[in-house]
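Hello,

Here is the structure I promised to pass on. My notes on it follow below.

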Amino acid sequence: MKRLLVLIAAIMIIGMSVNPQPVADSVSVDVDSVQLTIYDFAYSRTISMPDWRGLAYNTAALYGAGFVTLGVLELLPEDATAWNKAQLHRTPLFERWWEHVSGGPRWDHDNVVFDYVLHPYGGAAYFMSARSRGFNMWQSALYSAAVSTFFWEYGIEAFMEYPSIQDLIITPVVGSVIGECFYKVKRSIVASNYRLCGSSLLGHTVAWLVDPVNEFVYLFTGNPTRHPVHATLTTAPHHLSLVVIF
């Protein structure tokens, strides 16, 4: 777990220091011939070009992953989750959910790894689910807060425990800060044709680490960030000035 912390910290440092806009040659490109994404525009915290269909795919994937995660947590020993499973199983499922939702939120006593490592990383993954689909930084932070609050704390996890005060704060807030660093790292990877430090393997591995939901969904829908040439728009979407990265 220490290695995971070091890896996330290293990616954040890269994200804060990397210049997401590579040097390029100006050429003429037919904009209609490529499906433009937010990665084709110069870095901005405020540019928004939402891909609602893509976000719907990602949200569906998150729901599926959430139930799988709940199943995995159910199999873990009680000292890892702080869940009294015998007591929980004596209460019917939805009665248990309503008891937790109506009685929360509360300060939890979960393992620190869950609260202060995995939850922030989850918040960053939620953030990137929206950020890579064209939503700006603030919209993506709002999506992360909505998913972590209503989908996880008051949704799936509420079947097992009361909503957590620290998770409601840490997951979206810290997760969004990490997520924007992840976004900068992925911009650099996309601009380099999914290479990092000259390595395709490293580029693809880190892309999956910083943006797992989109990379998973791309396996089924295709990856819109992969163009025959990578076009970077130097201004806002409605003022097109193309620069192409070979």
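**Helix packing and aromatic contacts**

Helix α7 (residues 137-156) packs against helix α8 (residues 165-191) at an angle of about 145°, and their axes are 9 Å apart. Axes here are lines fitted to C-alpha atoms, for helices over the stretch in contact, and angles run from 0 to 180 degrees between N-to-C directions. Helices (H or I, at least four residues) and strands (E, at least two) are DSSP runs, numbered from the N terminus.

Two notes on the source. This is a predicted model: local features need pLDDT of at least 70, side-chain atom pairs count only at pLDDT 80 or more, and totals for chains, interfaces and linings use all residues. Residues are numbered from 1 along each chain as its sequence is written, and side-chain values use heavy atoms, with hydrogens and water left out.

Back to the helix pair. On the α7 side, the residues in contact (heavy atoms within 4.5 Å) include Met137, Ala141, Ser144 and Tyr154. On the α8 side they include Asp167, Leu168, Pro172 and Glu180. The residues of this contact divide into six nonpolar, five polar and three charged. Ala, Val, Leu, Ile, Met, Phe, Trp, Tyr, Cys and Pro count as nonpolar, Asp, Glu, Lys and Arg as charged, and the others, Gly among them, as polar.

Now the aromatics. The structure holds 10 aromatic pairs. Rings of Phe, Tyr and Trp (its six-membered ring) pair if their centres lie within 6.5 Å; planes under 30 degrees apart count as stacked, over 60 as edge-to-face and the rest as tilted. Tyr39 and Tyr183 form a tilted pair, 5.5 Å centre to centre with 50° between the planes. Tyr39 lies in the loop between α1 (2-17) and α2 (52-75) and Tyr183 in helix α8, so the pair ties together parts 144 residues apart in sequence. Both Tyr39 and Tyr183 are buried. Buried means under 20% relative accessible area, exposed over 50%, partly exposed in between (1.4 Å probe, protein chains only). Phe94, Trp97, Trp98 and Phe159 form one aromatic cluster.

Two arginines sit over rings. The charged end of Arg106 is over the ring of Tyr162, 3.7 Å from its centre. Arg226 lies over the face of Tyr194, 4.1 Å from the ring centre. The test is NZ of Lys or CZ of Arg within 6 Å of the ring centre and within 35 degrees of the ring normal.

Overall, the protein has 10 helices and two strands. Buried residues make up 47% of its 246 residues.

Best wishes
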